[in-house]
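Here are my notes on the model, point by point. Please read them with the structure open.

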Amino acid sequence: MKHKAIAASLALLLAPLTACGGSAQAGDGSTVTVTVGYQSKTINTVTAGTLLRSLGSFEKQLNSLGDGKTYKVDWQDYATGAPITAQMTAGKIDIGSMGDFPLLINAARGKQLGKPTHLVSVTGYNLRGGLNTIVTAPDSKLASLTDLKGKKVSTSIGSAADGTLVRALQRAGIDPDKGIEKLNQQPAVGASALSAGSADALSQFVAWPGLLAYQGKAKALYDGAQLNLPTFHGVTAREDFAKERPAVLEAFLKAQAEATDYLNDHPVAAAEKVADATGLPAEVVYLYNGAHGISTFDPAIKPQLISALKEDVSVLKSAKLTGDVDVDAFVDDQYVKKALGAEYAKRLATAPPASASEVWPKGAEKTLGFKSPSQLLAYVSQHQAGIRAAYVPDATTGTLWFADKAIWVTDGKELLPFVAPATARAYVGEHDGARVVSYAAALEQAS
């Protein structure tokens, strides 16, 4: 019955919506409207959505086509990937961006309805899975995944965050269907449920965990990077649109590459632009999209991401959300290869930057880097009134987190940060003399 309820819930989300209109087929022949579905607050997709729109790069690329047509871009903002898929299969969205699990549902739904779609590029990724986090209320007594047994956990079924929850529970020996009471909720609803006490934990994707932690409304229970499985968001396009207007799709992908370069070259300015467009705190945007943020942005479709996508199929099948998905047929890199030319091979070979500690001073247009978390704390202790945000990488997973929200461990002269309490305890258990200390104590030791 639970599987039927889940399937019915997803079907409702994917039911074609008729209120929105327009696609690349619209117009009088000389005017073409290209409809782009994006998720403004899912900031792992900004190079194909929020930032791209803010920079106007796509419109500039379209205007430079010189084919005698006038192009209009219709940007449609959604909270999750499911309604974007519904609109794509209804022929109302041409290009969309979403997470890895929704991408698979997009592929399955498109094939089922005879409206095939294809993965044409990647936006942001994390090779260990750190884009998804399970959080609890600030005063929660839950300290590990095993404590979730029998508890109410909010997530968005079929999302990447749901996939993280399922896999994490399985590794902890908990049946993800019977061991918890799963609440299928939109991110904002789940955040409210956590605050109200009607949910014991929340498993969500960017930027919700970081936002709630920053606001003091949640604390991390589980870092998705503990799975050590890649997670990413990508761009999908309707097959008929891509074949009919390949130059338009290539223009989009060139614009995405420009937005990616802008984000990588101007991470603070990019964070401010995204913050202005979404209402999210720039400090939270930078946590994910910064120079050493949780997310790495690159349009290249890397082999390890495709391998991870194939592994994701089994999770969706077990939840009765899809059948088999031919991932190789879904992936189509011809357009991004043509758009980027010789640059594509270079991007494909690029590795994520090494994790690092950073301080964002108030009023500064650049962050300050530090060789170690201890050095960062020493600086913060002397400049507390002038700090906008401080970020440190988890000592085990490398996942960036706010320094004042991290779990700190002292080990001799070293001060080590962790996103989740379980990983901090594991380190302490393996190192004689190491112990968990408060943030204030860590600052004092570093000063």
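1. Start with a helix pair. Gly 163, Val 166 and Arg 167 in H6 meet Glu 311, Asp 312 and Val 315 in H13. Contact here means heavy atoms within 4.5 Å. By class, this contact of H6 with H13 has two nonpolar, one polar and three charged residues. Ala, Val, Leu, Ile, Met, Phe, Trp, Tyr, Cys and Pro count as nonpolar; Asp, Glu, Lys and Arg count as charged; the others, Gly among them, are polar. Helices (H or I, at least four residues) and strands (E, at least two) are DSSP runs, numbered from the N terminus.

2. Some ground rules. This is a predicted model, where local features need pLDDT of at least 70, side-chain atom pairs count only at pLDDT 80 or more, and totals for chains, interfaces and linings use all residues. Residues are numbered from 1 along each chain as its sequence is written, and side-chain values use heavy atoms, with hydrogens and water left out.

3. Now the geometry of that pair. The axes of H6 and H13 cross at roughly 80° and come within 11 Å. Axes are lines fitted to C-alpha atoms, for helices over the stretch in contact, and angles run from 0 to 180 degrees between N-to-C directions. H6 and H13 are therefore roughly perpendicular to each other. The cut-offs: under 35 degrees is roughly parallel, over 145 roughly antiparallel, 65 to 115 roughly perpendicular, and the rest oblique.

4. How many cavities of 30 Å³ or more does the count give? The count comes to one. A cavity is a set of points, on a 1 Å grid over the protein atoms alone, where a 1.4 Å probe fits but cannot get out; lining residues have an atom within 4 Å of a point. Grid points are joined across faces, edges and corners, and a volume is the space filled by probe spheres set on the points. The largest cavity has a volume of about 110 Å³.

5. Helix H5 (100-112), helix H6 (160-171) and helix H13 (303-318) each supply at least two lining residues. H6 gives the largest share, four residues. By class, the lining has six nonpolar, six polar and four charged residues.

6. H5 also lies across E3, E4 and E10, running at about 130° to E3. These strands sit in an open sheet of six, ordered E2-E1-E3-E10-E4-E11, with mixed pairing. Strand E2 (70-77) and strand E11 (296-297) are the edge strands, and each pairs on one side only. Two strands pair if DSSP finds at least two bridges between them. Strand E4 (residues 117-126) and E11 pair in the antiparallel sense over two bridges. Tyr 125 has Thr 296 in E11 as its bridge partner.

7. Strand E12 (residues 357-361) and strand E14 (residues 387-393) pair over four bridges in the antiparallel sense. Glu 358 stands opposite Tyr 391 in E14.

8. Helix H17 (residues 373-382) and helix H19 (residues 439-446) pack at about 90°, with their axes 8 Å apart. H17 and H19 are therefore roughly perpendicular to each other. The contact of H17 with H19 has seven nonpolar, two polar and no charged residues.

9. Two backbone items to check. The peptide bond from Val 206 to Ala 207 is cis, with omega near 0°. Asn 228, in the loop between strand E9 (219-223) and E10, has a positive phi, near 55°. Most residues other than glycine have a negative phi, and most peptide bonds are trans.

Terms used: On a 1 Å grid over the protein atoms alone, a cavity is a set of points where a 1.4 Å probe fits but cannot get out, and a pocket is an open set with protein on both sides within 12 Å along at least five of seven lines; lining residues have an atom within 4 Å of a point.
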